[in-house]
Amino acid sequence: MPSLFSAPPPRLALVMVGLPARGKTFISRKIARYLSWLGHKTQVFNVGSYRRARLGSHQRHSFFDPRNESAQAARLDVALAALDDMLAFLDAGGEIGIYDATNNTRDRRALVRARCAAEGVDVVFVESICSDPATIEANIRATKARSPDYEGVPEEEAVRDFRLRIAHYAQSYEEVGEDEGPFIKIIDVGRRMSLHRIEGYLLARVVHFLLNVQVQPRNLWLTRHGESEFNVLGRIGGDTPLSAAGRAYAHRLAEVVLERFRPVPVVWTSSLRRTIETAEILGLPFRSWRALDEIDAGVCDGMTYGEIAEQMPNEYEARVGDKFRYCYPRGESYQNVIQRLEPVIFELERERSPVLIIGHQAVLRALYAYVMDRPPHECPFVSIPLHTVLELEPTAYGCNERRLELPPLPADPEGFRQAG
Ligand code: F6P
């Protein structure tokens with residue numbers, strides 16, 4: 001799938017740097033999810049996973065001791081295998097490879113840079129520096145002690161062993177210097193950032209994104225507005241009020257949110273009447289975003305799918321053929337919707353409270369694809385029925401999903417054929 005940007009696709013390696021338990025994997029995955037969602041072919045190459053796959057997953061701290069020469073050689077082998085795979089990915093049309101390893105010495109980084117340079121791949125180091133013991137401890141407990149490296153090992157023993165592992169790396173750790181090329185340093189979980197020779201649109205996006213990312217886990221709830229008068233008629237778009245069933249849903253939603261959603265969420269709506277009416281019935285303060293408005297169906301706004309098929313068969317078939325990229329005449333495509341949602345994503349990353357978004361089918365599909373790390377071209381086919389709340393709960397590196405149906409569930413009008 002082509003990138004959303006018209007410039008030639010970049011071939012870039014983001015090379016992570018930092019001691020263990022500094023959130024490198026978290027940051028890698030966040031960046032990968034964001035760039036993939038924008039349409040860039042991005043992949044993370046996590047050296048820890050290569051180590052576990054090739055050498056087994058039960059190494060204790062002594063394996064990471066720099067004096068353990070045979071282990072050093074084995075570790076270098078897996079690191080290079082991951083690097084080779086990343087370069088092969090970039091050679092085969094990948095745009096951004098994220099090399100997730102400690103890369104904690106100048107020598108190791110020089111090796112990585114030389115190999116990338118030989119393939120014509122630009123390198124930017126992304127270093128996570130954190131000296132706050134509480135943050136490190138929390139990270140060890142939340143991710144490392146639960147990692148496959150410590151399966152079946154009591155938590156306290158795992159934590160002790162992991163601390164010793166960090167100490168081995170700390171002996172030889174050297175921060176990235178300006179002479180090593182471009183870098184982004186994230187200091188104390190984003191409290192400070194330091195940039196060196198960061199140029200170009202894509203890296204500026206990444207930096208802007210990272211400025212907003214914070215690590216506090218919080219739920220996201222997504223729901224469409226209550227059924228609207230246009231939903232009843234099977235018409236798309238428009239700005240009609242809620243139907244009686246739609247208002248009943250909003251009341252039901254209010255009960256559930258006020259009873260069960262803790263902490264009480266921040267509420268966002270679109271600027272359209274049906275989401276605002278739903279939020280008004282909910283009774284919590286809310287913020288309305290134009291960026292959350294439903295996909296603009298252009299000349300088809302207010303029509304039923306049947307009318308489009310009958311009166312504009314070419315348009316209908318074109319959308320069935322490529323629902324992600326199809327752009328309604330004088331309207332939008334799903335690809336356009338993703339672009340205009342970017343500020344919402346930044347704000348979502350920045351927000352420390354849980355968020356309830358009362359939105360629309362296409363827009364929520366695009367947001368869902370971001371949160372659940374699904375390929376953007378799949379988003380037009382995600383099921384987001386009316387009168388259903390999606391609860392998305394972050395885990396260490398992913399998200400759990402629960403769906404809460406609040407009957408009576410209205411029948412949605414038949415859409416453009418979902419397949420194809
Ligand atoms: O039918 C409700 C609706 O929100 C329309 O306003 C919008 O055009 C449509 O869903 C988006 O869904 P799809 O992309 O499947 O047509």
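Predicted model: local features only at pLDDT ≥ 70, side-chain atom pairs only at ≥ 80, totals over all residues.
**Entry 1: the ligand**

I started at Arg-319, where a polar side-chain atom lies 2.7 Å from an oxygen atom of the ligand. Lys-323 likewise has a polar side-chain atom 2.7 Å from a ligand oxygen. For Tyr-305, I found an N or O atom of the side chain 2.6 Å from an oxygen atom of the ligand. I count a polar contact as a pair of N or O atoms within 3.5 Å; within protein, one must be able to donate a hydrogen and the other to accept it, and residues adjacent in sequence count only if both atoms are side-chain atoms.

Residues are numbered from 1 along each chain as its sequence is written, and side-chain values use heavy atoms, with hydrogens and water left out.

I then listed the residues around the ligand (a heavy atom within 4 Å of it); among them are Arg-224, Asn-231, Glu-294, Tyr-334, Gln-361 and Arg-365.

**Entry 2: the cores**

Next I looked up the largest nonpolar core, which has 57 residues. Such a core is a set of buried Ala, Val, Leu, Ile, Met, Phe, Trp, Tyr and Cys residues joined through side-chain atoms within 4.5 Å. Buried means under 20% relative accessible area, exposed over 50%, and partly exposed in between (1.4 Å probe, protein chains only). Helix 15 (residues 361–371) gives the most to this core, with 9 residues. Leu-292 is one of the residues with the most contacts inside the core. Beyond four places in sequence, Leu-292 is in contact (heavy atoms within 4.5 Å) with residues including Trp-268, Leu-341, Ile-357 and Leu-367. I also found a second, separate core of 25 residues, including Leu-80 and Val-121.

Helices (H or I, at least four residues) and strands (E, at least two) are DSSP runs, numbered from the N terminus. I traced 6 strands in an open, mixed sheet, in the order 9-8-10-7-11-12. Strand 9 and strand 12 (399–405) are at the edges with a single partner strand each, so one side of each has no neighbour in the sheet. Strands pair if DSSP finds at least two bridges between them; strand 11 (residues 388–394) and strand 12 run antiparallel, joined by 7 bridges. Thr-388 stands opposite Glu-405 there.

What does helix 10 touch on the sheet? I see strand 8, strand 9 and strand 10. Just after helix 10, Gly-283 takes a positive phi of about 90°.

Definitions and conventions: Axes fitted to C-alpha atoms, helices over the stretch in contact; angles between N-to-C directions.
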